[in-house]
Amino acid sequence: MEEPLRDSRSLVVQLRDRLADLVREEGLRPGDKLPTEAQLTQRFKISRPVLREAFKLLEQDDIIYVEHGRGRFVSAMSAVQVDRPITVFESVTEMTRHFGYKPATKVLSISEEVASDLLREKLKLDEQARVIRVERLRMQGSEPIIYSIDYVPRTIIPTKLYDVDWSGSLLNLLEKYKNRPRMSAANVSAVMLPSDVIGRHDLEGFGPALLIAETCFNAAGVAVNYALDYHRGTHFTFSLARK
């Protein structure tokens, strides 16, 4: 059976998710061997380098393990069903689509400012360094579901602010400037939206939120984004597996 992959996520992320689904759908148990690279490249119509990158992500998630010379096998962690692991690194757009939403982005404000002490620490910036601040809402129909603020070092995006489309995926935008985030360090807390945000944007009904504050790094380990994402508590739940 052939299953060419087609959607808006990166090919590697699509394939990682599809391979994890395949383990469950085919009833593979811990210790069972995965199909060969040749079988999977033919089935999904992808290249071996893409497949190997997807395998790396599955290894990081402990879904599979490798025995050199023998192949790849299903790990014990595959038996732990986690609907939405909070450890998955992906754009907010990708994450909301996983939840079944079709979000629209409302850009609330864009500005350039001198980095605060906190931002200099998080983004490893020099004194007087400047950042771009982007404030946005993700909407599901008329309902706000995520309020977010992103900070990006000004040196990464030297273009005039209003010549940039801020309504799409920030990860894809940073990729355009050769600084796509590949990993992040995050803190998670249960909070209410700041009162000034509620008043300024008429968000009285937003309610409790799950705040994910994260510093995102490019492939070289350079900090390229500091993000504050407030996920509306009535719309999002995340899971984790402990080991």
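Here are a few questions and answers about how this predicted model packs together.

Q: Are α1 and α3 roughly parallel, roughly perpendicular or oblique to each other?
A: Let's start with the geometry: helix α1 (residues 11–25) and helix α3 (residues 48–60) pack with their axes 8 Å apart, at an angle of about 60 degrees. Roughly parallel needs an angle under 35 degrees, and roughly perpendicular one of 65 to 115. The two helices are therefore oblique.

Q: How many nonpolar, polar and charged residues make up the contact of α1 with α3?
A: On the α1 side, the residues are Leu 11, Val 12, Leu 15, Arg 16, Leu 19 and Ala 20. They meet Val 50, Leu 51, Glu 53, Ala 54, Phe 55, Leu 57 and Leu 58 of α3. Sorted by type, the residues are eleven nonpolar, no polar and two charged.

Q: Which element gives the most to the largest nonpolar core?
A: This core has 23 residues, and Tyr 226 and Tyr 230 are among those that touch the most other members. Elements that each supply at least two residues include α5, β4, β5 and β8 (223–232). With four residues, the top contributor is β8.

Note on methods: Residues are numbered from 1 along each chain as its sequence is written. This is a predicted model: local features need pLDDT of at least 70, side-chain atom pairs count only at pLDDT 80 or more; totals for chains, interfaces and linings use all residues. Side-chain values use heavy atoms; hydrogens and water are left out. Axes are lines fitted to C-alpha atoms, for helices over the stretch in contact, and angles run from 0 to 180 degrees between N-to-C directions. Angles under 35 degrees count as roughly parallel, over 145 as roughly antiparallel, 65 to 115 as roughly perpendicular and the rest as oblique. Contact means heavy atoms within 4.5 Å. Ala, Val, Leu, Ile, Met, Phe, Trp, Tyr, Cys and Pro count as nonpolar, Asp, Glu, Lys and Arg as charged, and the others, Gly among them, as polar. A nonpolar core is a set of buried Ala, Val, Leu, Ile, Met, Phe, Trp, Tyr and Cys residues joined through side-chain atoms within 4.5 Å. Buried means under 20% relative accessible area, exposed over 50%, partly exposed in between (1.4 Å probe, protein chains only).
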